[in-house]
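Q: Could you take me through the reading of a structure, giving the general idea before each case?

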Amino acid sequence: MTSRQTSASGLPAQPGGRVDVSAAALTATIRATRTGGTWAAKYQTHIGGIFDRDIRSWDVAPPPEYFSELARISENQIIWGGNYFDLPPTRCFLVWRKINIPAEGFSMAPIEYAWTSFSGNALYFEASSASSSKEKRFHPTQKPPALYSWIYGLFARPGDKILDTHLGSGSSRLAAYDAGLDFVGFEIDKVYFDLQEARFEQHAAQVSILDTMGPSYYQQEALWDETD
Ligand SMILES: C[S@@+](CC[C@H](N)C(=O)[O-])C[C@H]1O[C@@H](n2cnc3c(N)ncnc32)[C@H](O)[C@@H]1O
C-alpha cells in the first residue's frame with residue numbers, strides 16, 4: 001500500500017498496527033551547505049523536467065515527534081541520513097558505498113550512512129548510484145533496489161511489514177515486493193508519487209512475466225547482465 005500523505009499525519013493511522021521494520025529514507029535540513037552546492041544546483045535545474053523539483057521543498061528534517069512516532073509504531077528502525085538527526089548511539093550502522101563515485105575529491109558523497117536500532121556489527125554495501133542500463137533514475141536521491149534487498153535479507157523475517165515514510169522513487173517498495181514482504185509507503189510529492197507508482201506497476205508486471213518463464217529464464221537473464 002502506498003499513500004500520498006505527510007508522514008506526521010500518516011503514521012498514527014497505519015492500518016494493521018505496528019510495523020516490523022521502518023526503512024525510513026530521510027534527509028535533513030542543511031540548507032546552508034547542501035542547497036548551495038553543485039549537487040543541488042544540478043538537481044534543481046536538470047533538463048527534462050523531472051529533476052526540476054526543488055529539493056528545498058522536501059529536504060527538511062522531520063520534527064522530534066516524527067521519530068517518537070516512528071519508534072512507537074515500529075519494532076525496529078533504519079534511518080538513512082541518520083547522521084543529521086539526534087538519534088541514540090548505535091553499533092549497528094549501515095554504509096552504502098557508491099562505487100561509481102570516487103572516494104575523494106568529488107562533489108558528491110561516496111558513501112551514505114543509515115542509523116539502525118538493531119544490534120550487531122556495522123555493515124556496508126557496495127553498489128552504484130548511477131542509472132542502470134535497464135532503468136533511468138528519476139529521483140535525485142534514488143537508491144538502488146539492491147541496497148534494500150540487502151537490508152531486508154539482513155533484517156527482515158518472512159511475514160514482516162515494512163514501512164517507508166519517505167518513498168521517493170519507491171526502490172524500497174520494489175525490493176519488498178521481490179522479497180514477498182508487506183509494505184506501506186508514503187510520498188508527499190505528487191510527481192514522485194505518480195512516477196514510483198508507474199515504476200512499481202512496470203516492475204510487478206515484469207516479475208510476473210518472468211515467473212511464467214521459470215527459473216531457467218532467470219539464470220539466462222543473470223548471464224546476460226554479466227556479459228553486457
Ligand atoms: C531522500 S528522498 C527518498 C529517496 C528514496 N530513498 C529513494 O530511494 O528514492 C525523501 C523523499 O521524501 C519525500 N518527503 C518529504 N517529506 C515528506 C513527508 N512529510 N511525508 C512523505 N514524504 C515526504 C520527498 O518528496 C522525497 O521524495
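This is a predicted model: local features need pLDDT of at least 70, side-chain atom pairs count only at pLDDT 80 or more; totals for chains, interfaces and linings use all residues.

Q: How many helices and strands does the protein chain have?

A: Helices (H or I, at least four residues) and strands (E, at least two) are taken as DSSP runs and numbered from the N terminus. The protein chain has eight helices and eight strands.

Q: Which residues of helix 5 are buried, and where do they lie around its axis?

A: An α-helix has 3.6 residues a turn, so residues three or four places apart point the same way. A residue is called buried if 20 or more other C-beta atoms, placed from the backbone, lie within 10 Å of its own, exposed if 12 or fewer, and partly exposed in between. In helix 5 (residues 145-155), the buried residues are Pro145, Leu147, Tyr148, Ile151, Tyr152 and Phe155. Viewed down the axis of helix 5, these residues fall within an arc of 155° (taken over the directions from the helix axis to the C-beta atoms), so they line one face of the helix.

Q: Which residues have the most contacts inside the largest nonpolar core?

A: In soluble globular proteins, nonpolar side chains tend to be buried together. A nonpolar core is a set of buried Ala, Val, Leu, Ile, Met, Phe, Trp, Tyr and Cys residues joined through C-beta atoms within 7 Å. The largest one here has 23 residues, and Ala114, Tyr152 and Ile162 have the most contacts inside it. Helix 5 gives the largest share of this core, five residues.

Q: Is Phe193 buried or partly exposed, and where is it found?

A: Phe193 is found in helix 7 (residues 190-213). Phe193 is partly exposed, because 19 other C-beta atoms lie within 10 Å. The C-alpha atoms of Phe193 and Gly170 are separated by 8.3 Å, although these residues are 23 apart along the chain.

Terms used
Residues are numbered from 1 along each chain as its sequence is written.
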